[in-house]
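Here's a quick briefing to read alongside the model. Have a look at the structure, then work through the points below.

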Amino acid sequence: MSYRLLGHVAAVLIVGILAIAPLDFALKHRVGSGAFAAPAAQGAMQPGAGIDGAKIARADSDPGEWLAPGRTYSEQRFSPLSQIDAANVRNLGVAWQYRTYSVRGLEATPIVSDGVMFITLPWSIVIALDAASGKELWKYDPQVPGETGRYLCCDVVNRGVALWKGAVFVGTLDGRLIKLDAKTGKPLWTADTVENHNKVYTITGAPRVVDGLVVIGNGGAEYDARGYISAYNADTGKLAWRFHVVPGDPSKPQESKALQDALKTWDTTGKDKFWKIGGGGAPWNSFAFDPKLHLLYFGTGNGNPWNRDIRSPKGGDNLYLSSVLAVDTRTGQLRWHYQTTPGDTWDFDSTADVVLADLTIGGRSRHVLMHAPKNGFFYVLDRETGALISAQKFGLVTWAKGIDLKTGKPIENPDARYKNKLAVVYPAATGAHNWQPMTFDPQTGFVYIPAMDAAQPFVPDKNFAYRPGAWNTGVDFAGVSKLVLNLIKSGKAPAPAVGFIKAWNPVTQKEAWQVSMGGSWNSGLLSTAGGLVFGGDAYGTFSAYDAKTGKKLWSMDLKTGILAPAMSYEIGGTQYIALLAGWGGAGGLSAFRDPSTALSKYQTNQGRLFVFKLGGAKQVAALAPEGVPPSEPPPQTANAAAIDKGFDLYHRTCLVCHGFFAQSEGEVPDLRLVPREIWDQYDDIVLKGALSGGGMASFADVLSKDDVAAIRAYVLDQAHAAWTQGHPTKKKLPGIARP
Ligand code: CA
């Protein structure tokens, strides 16, 4: 059966499953839509034709444009525009909006040049809009196979495009890097960035173009990836160089001197050979660039498996996991490294954004790099040498007491590692700060961080066995889920995860102010010369704060949870603020329905791009009502042992998309709420991939028919519990830390 035909079948079934309006996205865009009409853009101009390294480097002389994901190579995400300011922001309203017809996370920063805006949607779809009116100019769908969804740890998201000499560059979920004509959306070249198709490699990040090279990293370190970044000639698409983050097979020569050095920090005697089952370090998000030094900076991901006792049983720092690396763009060779979490075992990716600035520290002007990764420390490094200048905790951190400034290494809490025991640590695997970008405001000197405080229980997987194509973390998620369930039952659940915007002074390494956000998993941030910081939260509230004091000056309910950072541009003398709203990502997928919060607001979760200006509309209408309650589930015929087995299997295999306890927050089907006929199709869906076109791949390689029956028994048990309570959203569960 062709993908497209299968897609039609899937579409019919999916619409049945959800009975929720947002799935019109599946009909219109994912399934059977074929190509994507590409009418010519308005006017004769080739958008972004003048963009090259020199133009991006002097971006401040084009304050009305937003030329790169972080606006500039320094990734400060500070707009020099000041028409919208602290005095008038109360008059901010919606100039126009664009419906994306998506129900998954929206994470991209819009790029604007020559009056055209470029955004990306879930499934790596690229859209060009008239930045003044919101009129769609073209749409490009790379037709990522729906089955790819299974290989994304953290949603089928995309964080945006790069624009360079009249072309748009996008990385796709299945690992392609595609160059498009910025005027028509027609593909010009495609490079396959995946060096080993037997392993899981994905792309969710935005490419950057530096020194004429398009650079992109990959994800996959929850599965079995060996991380690397690739640099392609922007004109020809030819691979210029590739930098691997962790060593490969130690019996063979390593690709670089840096890897030869790194190999000494790994134990190669383990039963599970790390070079066969992964290694990790996937650099899936951040880049910054210093054009004078020709240094490209990027953050690297967690170890794969997470659990170091499996990956490198005798210990070791395991370079270059969880690090900031500086690579010379001319050679592709490592200049320096700074590892934020040596011997990572907690999924402490160092892939949060990297921000460059010049600061006066101790009376000296320093060219610095700032980084606030998952592990909860704010680092200031010398960006020429990688030397540590300072590091302090910016949130709740228990895995380490502090950072030793002499050695540059953390002073670890001896109880933080989970060798043969449970360990509960702050921050959680979602991090004290994840990919959602921070912003540096040169006017206040503060960095604004979308921060989280959350705890994470880690239980070692004593029976770890490598499963190609599945999660290989070495953490027993069934054990973790059981533990959380017992804590809930005993009334001792950890404190709920909470989120903040923190204003951080990078010179004094002290907090200037903080505001609490509605949820824990909130949006990236923008600062502007109008003295404002813009941020949104999980519940759909988008707000402007006084950059000096944190006082909330304006807010609007956008009716959909917000993850993406806002940006700002100017056309015809009017300053605009643009923001994609659509909830999902790691926090969105794994969070379960929590009635103690106002989740009903974003259960509709319909993606939209909002563009604001002074004097715009003051309210936003919701697009669709809440999901319809289920019919009565079929009778339970399984016994308690099968349901218990199902609990284990579900939390090992299904939870990462469908949520803890089979309760999802609406973007991936809540399995308790499916229509009755779906209960008869579990084998077809889970083993034969009947819904693979919609993103639900076959799991026949990791689950048996008996396993599926057990999972069904567990989910059905949960469905009956929900049915008994009359309406699932009224089910009372105590607040717990969101994983
Ligand atoms: Ca990770």
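Donors here are N, O and S atoms within 2.8 Å of the metal (3.2 Å for Na, K and Ca), and water is not among the atoms, so sites may look incomplete. With that in hand, the donor residues of the calcium ion follow the sequence spacing E-x79-N-x44-D-x1-D. This is a predicted model, where local features need pLDDT of at least 70, side-chain atom pairs count only at pLDDT 80 or more, and totals for chains, interfaces and linings use all residues. Numbering starts from 1 along each chain as its sequence is written, and side-chain values use heavy atoms, leaving out hydrogens and water.

**Calcium site**
- The calcium ion has protein donors from E222 (OE), N302 (OD1), D347 (OD), D349 (OD) and D349 (OD), at 2.4 to 2.9 Å.
- N302 sits in the loop between β17 (295-299) and β18 (303-304), while D347, 45 residues apart from it, is in the loop between β20 (334-339) and β21 (354-361); strands are DSSP runs of E, at least two residues, and helices are runs of H or I, at least four, numbered from the N terminus.
- Both N302 and D347 are buried, meaning under 20% relative accessible area (1.4 Å probe, protein chains only).

**Around T528**
- T528 belongs to strand β33 (residues 526-528) and is buried, with a relative accessible area of 0%.
- Leaving aside residues up to four places away in sequence, T528 touches F78, S79, L81, I84, D441, Q443 and F534, where contact means heavy atoms within 4.5 Å.

**Whole chain**
- The protein chain holds twelve helices and 39 strands.
- Of its 739 residues, 66% count as buried.
- Among contacts with a separation of 6 or more, 65% come from residues 24 or more positions apart.

Note on methods: Buried < 20%, exposed > 50% of the residue type's maximum accessible area, 1.4 Å probe, protein only.
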